[in-house]
Amino acid sequence: MRLGLSSLAAPEADLRELVAACERRGVTALELEASPGVSLEHLAEEGLPGPGDDAASGTQVDVVGVRTRVEDDIAESAAALATASGVPLLLEGGNLDQRLKEVHRLIRTGVDARLVVRGDRAVGEAERALREGVRLAWDVAPAETDLAWDLPRLESSLGRGVSYIRLLGGGPESAMQEGLGIGALMGRLGLAGFHGPLILAPSSARYRVAWERWVGRRGGWGCGGTTSDPVSLSAGASPSGGSP
């Protein structure tokens with residue numbers, strides 16, 4: 001399993017700063033949250049560090065996924081960026097029928113699209129998606145679901161379709177999530193031989209300051225605590241992600 005970080009952990013940071021934050025925390029994967037107002041064209045020109053780029057870029061941090069919502073106008077740009085970078089597009093939002101329809105459409109156009117499932121509907125949605133041959137991204141929200149109940153049911157899917165996991169919480173929120181089943185989750189993932197990314201993200205926008213401090217943003221990025229021409233990857237987004 002490969003531990004990573006969501007750009008929601010520091011939504012005002014640019015790509016260079018996010019990679020540096022991953023390096024400080026000792027994680028090697030980065031997930032980008034695409035939302036309205038994000039300059040994806042600028043990111044594409046900057047060049048995302050993707051799998052296999054370590055030697056050329058001098059970094060061990062790869063962008064492993066681009067996330068967007070089915071209802072956002074930016075979804076097409078996000079799909080183009082993900083495809084150009086050789087990483088999956090993670091599709092959330094809307095209802096299950098909307099997400100499945102869009103995932104199937106994107107797959108037909110050559111996009112590596114994954115359906116995001118979350119909460120108490122995750123198991124049922126995962127089972128339907130797997131029947132339709134769709135690969136999955138699972139957002140684990142310990143405060144929203146009973147992991148002790150869901151984990152055994154999802155375990156059989158880990159080797160077939162669940163190839164990407166985001167944990168909502170963890171990081172600076174770990175102390176508040178004791179006893180919610182995260183330890184059991186990590187153990188089962190290890191036993192199941194899960195080799196995909198496990199992305200840490202804030203569970204709520206109210207923990208933003210704690211997360212920015214956790215990733216090393218104390219009073220701002222860059223020299224003198226200010227940011228120079230940042231690429232705001234998730235401007236205006238409300239974090240709903242998590243972490244161990």
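Residue E31 is found in strand β2, where helices (H or I, at least four residues) and strands (E, at least two) are taken as DSSP runs and numbered from the N terminus. The model is a predicted one, in which local features need pLDDT of at least 70 and side-chain atom pairs count only at pLDDT 80 or more, while totals for chains, interfaces and linings use all residues. Residues are numbered from 1 along each chain as its sequence is written, and side-chain values use heavy atoms, with hydrogens and water left out.

E31 is buried, with a relative accessible area of 0%; here buried means under 20% relative accessible area, exposed over 50%, and partly exposed in between, for a 1.4 Å probe and protein chains only. Leaving aside neighbours within four places in sequence, E31 is in contact with L5, S6, S7, G65, R67, L90, Y164, R166 and I199, contact meaning heavy atoms within 4.5 Å.

The strand that holds E31 belongs to a barrel, into which eight strands close in the order β1-β2-β3-β4-β5-β6-β7-β8 with parallel pairing. Two strands are said to pair if DSSP finds at least two bridges between them. Neighbouring strands of this sheet are turned by 30° against each other on average, direction ignored, with axes drawn as lines fitted to C-alpha atoms, for helices over the stretch in contact, and angles running from 0 to 180 degrees between N-to-C directions.

Helix α1 (residues 15-25) touches β1 (2-6), β2 (29-33) and β3 (62-69), its direction making about 140° with that of β2, whereas helix α4 (residues 75-85) lies across β3 and β4 and runs at about 160° to β3.

The largest nonpolar core has 33 residues, and those with the most contacts inside it are V66, L89, L106, L115, L136, W138 and I165; such a core is a set of buried Ala, Val, Leu, Ile, Met, Phe, Trp, Tyr and Cys residues joined through side-chain atoms within 4.5 Å. At least two residues of this core come from each of α4, β4, α5 (96-108), β5, α6 (122-131), β6 (136-140), β7 (162-168) and α8 (182-191). Apart from it lies another core, of 19 residues, among them A13, A21, V61 and L200.

A search of the whole structure finds 20 salt bridges, each being a side-chain nitrogen of Lys or Arg within 4 Å of a carboxyl oxygen of Asp or Glu. One of them joins R166 to E31, with the closest N and O atoms 3.3 Å apart; because R166 lies in strand β7 and E31 in strand β2, the pair ties together parts that are 135 residues apart in sequence. R166, too, is buried, with a relative accessible area of 0%.

R105 is partly exposed at 29% relative accessible area, while E102, at 17%, counts as buried. Salt bridges that share partners join E31, E33, R67, R69, E71, E92, D139 and R166 into one network.
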